[in-house]
Amino acid sequence: MSASGYKAGYISIVGRPNVGKSTLLNHLIKQKISITSRKAQTTRHRIHGILTDVQSQFIFVDTPGFQMRHRSQLNQVMNRVVLQSMQDVDVILFVLEAGRFGREDEQVLEQLPRNLPVILVINKIDLLPDKLQLLPFMQKMADLFDFADIVPVSALQNRQLSDLTEVIRHYLPENPPVFTEDEITDRSERFLAAELLREKVFRQIGEEVPYSVSVIIEQFAVEGNLRRIHACILVERENQKAIIIGKQGKKLKDMATQARKDMEVLFDGKVYLEIWVKVKSGWADDAIALKSMGYE
């Protein structure tokens with residue numbers, strides 16, 4: 001690809017928890033690399049998703065939901081990741097839920113830089129009970145911040161995502177591509193395996209166990225087309241361990257099966273997955289433990 005006229009840049013996706021940032025990323029790049037669930041703080045790391053076409057390379061940066069409810073060391077680390085991600089990019093997507101702008105959204109809005117193009121992405125338009133509410137809501141938001149553009153979408157239903165891509169393209173700088181055409185993320189398979197398993201934990205246990213659950217990949221070996229993965233689910237208390245394992249180990253088996261299927265799709269090969277659960281009290285407030293788990 002010639003660098004002449006070609007555009008490439010970093011686009012940070014920010015917003016409060018549960019506005020659909022990870023779903024938006026996955027649908028924009030047409031590949032699942034960022035995990036999703038209804039549980040707050042599902043995304044904990046900065047994850048790059050890459051979309052490359054003949055004109056441009058979009059390097060999306062999915063970030064944790066910025067929130068002020070929990071003051072643990074883990075949440076402080078994640079909020080720092082969000083703030084850093086807004087400094088090192090070319091464009092920012094500020095994601096809101098259609099018709100909803102609360103205090104948590106306002107806290108993110110207050111952090112948005114004024115020296116970069118910020119595109120307001122109004123997500124979940126399919127869930128808006130009265131579609132006539134959309135234009136007044138867009139005007140309300142335009143009065144609060146000088147957005148470069150405002151694009152209503154439904155990430156889950158792939159509605160108006162091509163429009164959003166074209167709007168973003170307009171604001172990207174001229175650059176040669178940073179990644180090769182076939183790369184979809186800068187994260188390793190080991191990291192993605194841990195994230196896919198953590199998603200299944202969050203989806204299976206719902207609100208039974210607090211957000212302080214993590215996954216550590218203790219062994220990741222590639223043998224031809226087979227990936228042999230040993231993973232540990234980390235919890236803070238013994239009763240949480242029992243909840244995750246479930247009666248006669250059923251919940252743990254279900255999580256393992258669902259995670260393995262997703263891994264086989266993503267890695268395009270067979271996966272042998274072995275999982276166990278460990279208790280480590282206070283890990284979410286332990287800076288050294290967090291660093292050892294890859295939190296920035």
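Contact, in these legends, means heavy atoms within 4.5 Å. Helices (H or I, at least four residues) and strands (E, at least two) are DSSP runs, numbered from the N terminus. This is a predicted model, where local features need pLDDT of at least 70 and side-chain atom pairs count only at pLDDT 80 or more, while totals for chains, interfaces and linings use all residues. Residues are numbered from 1 along each chain as its sequence is written, and side-chain values use heavy atoms, with hydrogens and water left out.

**View 1. Helix H6 meets helix H8.**
Here H6 (residues 189-205) and H8 (residues 250-267) have axes that come within 9 Å and cross at roughly 140°. Axes are lines fitted to C-alpha atoms, for helices over the stretch in contact, and angles run from 0 to 180 degrees between N-to-C directions. The two helices are therefore oblique to each other; angles under 35 degrees count as roughly parallel, over 145 as roughly antiparallel, 65 to 115 as roughly perpendicular and the rest as oblique. On the H6 side, look for residues including Leu-192, Leu-196 and Val-201, and on the H8 side for residues including Met-255, Ala-259 and Phe-267. By class, this contact has eleven nonpolar, two polar and six charged residues (Ala, Val, Leu, Ile, Met, Phe, Trp, Tyr, Cys and Pro count as nonpolar, Asp, Glu, Lys and Arg as charged, and the others, Gly among them, as polar).

**View 2. Helix H7 meets H8.**
The axes of H7 (residues 238-245) and H8 come within 5 Å, crossing at roughly 65°. Ile-243, Ile-244 and Ile-245 from H7 touch Lys-250, Lys-251, Leu-252 and Met-255 of H8. That contact splits into five nonpolar, no polar and two charged residues.

**View 3. Six strands make an open sheet.**
The order runs S2-S3-S1-S4-S5-S6, with mixed pairing (two strands pair if DSSP finds at least two bridges between them). S2 (47-52) and S6 (149-152) sit at the edges with a single partner strand each, so one side of each has no neighbour in the sheet. Neighbouring strands are turned by 25° against each other on average, direction ignored.

**View 4. S5 pairs with S6.**
S5 (residues 118-123) runs parallel to S6 in this pairing, over four bridges. Ile-122 has Pro-152 in S6 as its bridge partner.

**View 5. Arg-16 forms a salt bridge with Glu-97.**
Their closest N and O atoms are 3.0 Å apart; a salt bridge is a side-chain nitrogen of Lys or Arg within 4 Å of a carboxyl oxygen of Asp or Glu. Arg-16 is in the loop between S1 (7-14) and H1 (21-29), and Glu-97 is in S4 (residues 91-97), 81 residues apart. Searching the whole structure turns up 17 salt bridges.
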